[in-house]
Amino acid sequence: MTGLDRQKYRTSNEWRSFREQMKQQQKVCKFCGAPLKGRWNLHHIHNCKTMEEYMSHNSNDFLCLCNQCHTTLHWIARKKSKSKFFIKMKQIAKSIGFGDDWIKF
């Protein structure tokens with residue numbers, strides 16, 4: 001699965017329709033609680049290895065996140081710091097279902 005494969009799928013009507021469905025279902029960012037307006041992301045809670053996984057429409061495999069929280073959570077999840085701040089933030093990310101595949105302790 002390449003970045004081009006993912007990008008092509010994200011421009012499909014199928015993905016756009018599913019994304020809108022998830023927005024209507026969740027309505028707010030699962031991290032900060034802000035209404036989903038403007039730029040927001042549909043986050044895969046698993047780090048997909050295949051296009052089949054990536055194209056899943058299982059609503060339990062996704063979180064709606066505002067753009068800022070999505071970027072911040074990925075940064076925090078990758079950080080290898082042992083500071084109390086990062087450990088606590090990773091625990092919070094885990095508690096909202098960000099996905100164990102992403103979070104490095």
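## Contacts of N41

In this predicted model, N41 touches R19, L63, C64, L65, C66, N67 and H70, leaving aside residues up to four places away in sequence. N41 sits in strand β1, which spans residues 40-44.

The relative accessible area of N41 is 19%. Buried means under 20%, so N41 counts as buried.

## The largest nonpolar core

The largest nonpolar core has 22 residues. L42 and F98 have the most contacts inside this core. Four elements each supply at least two of its residues: α2 (13-26), β1, β2 (62-66) and α4 (67-78). The largest share comes from β2, with five residues. In soluble globular proteins, nonpolar side chains tend to be buried together.

L42 touches W15, F18, R19, M22, F62, L63 and C64, again not counting residues up to four places away in sequence. R19, L63 and C64 are also among the residues that N41 touches.

## The salt bridge

How many salt bridges does the structure hold? There is one. The side chains of K94 and D100 form a salt bridge, with an N to O distance of 2.9 Å. Side chains of opposite charge can pair when their charged atoms come close.

How accessible are the two partners? K94 has a relative accessible area of 43%, so K94 is partly exposed. D100 reaches 53% relative accessibility. Exposed means over 50%, so D100 counts as exposed.

Note on methods:
Residues are numbered from 1 along each chain as its sequence is written. This is a predicted model: local features need pLDDT of at least 70, side-chain atom pairs count only at pLDDT 80 or more; totals for chains, interfaces and linings use all residues. Side-chain values use heavy atoms; hydrogens and water are left out. Buried means under 20% relative accessible area, exposed over 50%, partly exposed in between (1.4 Å probe, protein chains only). Contact means heavy atoms within 4.5 Å. A nonpolar core is a set of buried Ala, Val, Leu, Ile, Met, Phe, Trp, Tyr and Cys residues joined through side-chain atoms within 4.5 Å. A salt bridge is a side-chain nitrogen of Lys or Arg within 4 Å of a carboxyl oxygen of Asp or Glu.
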